[in-house]
Amino acid sequence: MAALRRKFGEDYQVVNRGATFPSVQVKKKRQRFVDKNGRCNVQHGNLGGETSRYLSDLFTTLVDLKWRWNLLIFILTYTIAWLVMASMWWIIAYIRGDLNHGHDASYTPCVANVYNFPSAFLFFIETEATIGYGYRYITEKCPEGIILFLFQSLLGSIVDAFLIGCMFIKMSQPKKRAETLMFSQDAVISQRDGKLCLMFRVGNLRNSHMVSAQIRCKLIKSRQTPEGEFLPLDQCELDVGFGTGADQLFLVSPLTICHEINPKSPFFDLSQRSLMNEQFEIVVILEGIVETTGMTCQARTSYTEDEVLWGHRFLPVMSLEEGFFRVDYSQFHSTFEVPTPPYSVKEYEEKSSLPSPLVTPHRERVFSMDCLEVGEDGAHSGSASCKLPSKLQKMSSSGREDLQRKVLRLSSQPSEKASSTGDLPLKLQRLGSSPGQVDGEARFHLKALKVGFQPMAMSTGDLHQRSLPPTPAAIPTHPHGPPHTPGGRPEDNLPPKLRKMNADR
């Protein structure tokens with residue numbers, strides 16, 4: 001603090017961002033489960049006696065070690081083996097007394113010209129590397145030297161195969177091929193084809209292809225089950241086209257991987273506001289076969305909630321040149337803003353399911369023939385149980401006689417089904433045969449029934465129940481009916497079958 005005051009003066013003061021800007025929250029960078037380079041931040045501890053499992057698979061353990069440890073083990077293994085084998089040759093020469101007769105031409109040693117440790121070491125190196133300068137050699141009078149020579153050859157072949165094979169696998173490991181597979185620095189959320197999608201970009205820097213490339217996504221997020229169990233770093237699958245085959249990539253140019261946010265997606269209720277308070281990590285895994293070596297390669301990366309941009313889209317990187325397509329990797333990580341709804345897919349579906357207040361459902365108005373029977377009192381009182389249309393109200397206001405004539409005109413149309421009065425109930429027959437001075441309302445009721453006439457099948461019992469005593473009145477002449485006498489009874493107008501039935505009663 002004192003150094004800052006000396007640099008900026010006595011007026012320098014520390015500003016509390018939390019008090020000055022309460023809405024701005026500096027989010028602490030949290031620990032990642034998978035780094036951007038694909039390394040998993042997981043360490044295994046307290047293995048106890050399980051560490052012996054690493055020695056049972058020693059070759060894989062050496063391959064998984066870092067390069068500095070591999071080189072150290074490689075050098076130490078050969079150095080120790082050379083020193084041990086050279087010491088064994090020197091011990092044989094020392095036991096036989098060859099060291100004391102090194103320059104005696106008449107003495108036959110086990111190994112010629114080996115009279116100290118450096119000469120024994122050089123003999124071992126010449127034998128191991130099959131150099132054979134011809135100055136040092138094994139004689140036939142040393143069986144123990146022949147046995148040691150065979151053991152040295154077998155042990156040297158095993159050490160060479162193990163260490164050289166380990167170094168070869170280490171150098172050709174497909175992890176290095178994953179270094180030339182790129183992922184975008186950020187992921188974006190925007191609309192594509194009218195659907196909200198989570199997208200990121202992947203590219204291949206080499207001309208050699210990734211055979212059978214496939215991509216998968218995992219959502220790493222802690223959650224609590226309904227039973228109260230807490231699941232740290234729970235893994236959930238993100239669909240990037242498994243059902244449609246979109247997860248199978250032809251990776252010759254940068255591709256944008258899309259995850260559709262739908263009711264099956266874990267981001268179904270994710271909005272722009274809730275994204276600021278969420279804590280999750282999206283792990284992306286790209287697998288494929290290296291075309292040149294035929295080995296399986298896997299590249300990984302991850303995106304935290306801070307690296308997901310709402311309302312952004314990637315800039316295009318492909319351009320058409322003369323005879324080929326050019327990829328500009330300088331714009332590989334660049335994005336730009338696009339209009340995107342700030343609410344989640346769940347909120348959008350809930351809003352779309354609500355009825356609009358500007359749209360009212362259409363109702364059809366159905367009027368029965370009973371509305372035509374409303375009396376004058378009901379029409380003037382405006383009963384709510386039966387309201388006539390405006391056209392019929394106008395007709396009724398002009399007089400009942402006009403309305404009757406209009407209804408009679410409708411009943412006299414050629415399309416009316418022809419039927420005799422004998423097909424009608426007895427009551428309607430008597431009403432139809434009543435004189436003109438009978439109540440006009442009954443006649444109107446009869447004609448109204450003719451307009452909406454439907455075939456009726458009735459038994460004689462129904463006719464008997466509906467029969468009424470005859471009304472002595474004159475029968476008007478019907479223009480279409482058969483002639484009858486003025487003084488005849490109404491039963492005379494019935495069909496012969498019904499007249500016979502009435503006579504039998």
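Throughout this section, a residue is called buried at under 20% relative accessible area, exposed at over 50% and partly exposed in between, with a 1.4 Å probe and protein chains only. The structure is a predicted model, in which local features need pLDDT of at least 70 and side-chain atom pairs count only at pLDDT 80 or more, whereas totals for chains, interfaces and linings use all residues. Residues are numbered from 1 along each chain as its sequence is written, and side-chain values use heavy atoms, with hydrogens and water left out.

Cys166 is buried, its relative accessible area being 3%. With a disulfide taken as a pair of cysteine sulfur atoms within 2.5 Å, the count comes to one disulfide. This link joins Cys110 and Cys142, whose sulfur atoms are 1.7 Å apart, and it is left-handed, with -70 degrees about the S-S bond. The pair connects distant parts of the chain, since Cys110 belongs to the loop between α5 and α6 (117–128) and Cys142 to the loop between α6 and α7 (143–171), 32 residues apart; helices (H or I, at least four residues) and strands (E, at least two) are DSSP runs, numbered from the N terminus. Both Cys110 and Cys142 are buried. Cys197 is likewise buried, at 3% relative accessibility, but its sulfur lies 3.3 Å from the closest cysteine sulfur, that of Cys258, which is too far for a bond. Cys217, in strand β4 (residues 210–224), is buried with a relative accessible area of 2%, and its C-alpha is 8.6 Å from that of Cys236, a residue 19 positions away in sequence.

Aromatic contacts were defined by ring centres within 6.5 Å for Phe, Tyr and Trp (its six-membered ring), with planes under 30 degrees apart counted as stacked, over 60 as edge-to-face and the rest as tilted. In one of them, Tyr78 and Trp82 are tilted, at 5.8 Å centre to centre and 55 degrees between the planes. Both residues of this pair, Tyr78 and Trp82, lie in helix α5, four residues apart, or about one turn of the helix. Tyr78 is buried, with a relative accessible area of 12%, whereas Trp82 is partly exposed, with 31%. The pair of Phe267 and Phe280 is also classed as tilted, because the ring centres are 5.3 Å apart and the planes stand at 55 degrees. Phe267 is in the loop between β7 (255–260) and α8 (272–275) and Phe280 in the loop between α8 and β8 (281–290), so this pair ties together parts that are 13 residues apart in sequence. Phe267 is buried at 6% relative accessibility, and Phe280 is buried at 2%. Phe74, Tyr78 and Trp82 form one aromatic cluster.

Charges over rings were assigned where NZ of Lys or CZ of Arg is within 6 Å of the ring centre and within 35 degrees of the ring normal. Arg201 is placed over the face of Phe332, 5.7 Å from the ring centre, and the charged end of Lys351 sits over the ring of Tyr343, at 4.5 Å from its centre.

Eleven salt bridges are found in a search of the whole structure, each being a side-chain nitrogen of Lys or Arg within 4 Å of a carboxyl oxygen of Asp or Glu. Asp98 and Arg96 meet at 3.8 Å, N to O; Asp98 is buried at 1% relative accessibility, while Arg96 is partly exposed at 29%. Arg136 is bridged to Glu126, with the closest N and O atoms 3.6 Å apart. Because Arg136 lies in the loop between α6 and α7 and Glu126 in helix α6, this pair ties together parts that are ten residues apart in sequence. Arg136 is buried at 17% relative accessibility, as is Glu126 at 10%. Lys218 and Glu237 form a further salt bridge, their closest N and O atoms being 2.7 Å apart, and this pair links strand β4, which holds Lys218, to strand β5 (residues 230–238), which holds Glu237, across 19 residues. Lys218 is partly exposed at 22%, and Glu237 is partly exposed at 41%. Arg32, Lys36 and Glu307 are linked in a network of salt bridges.
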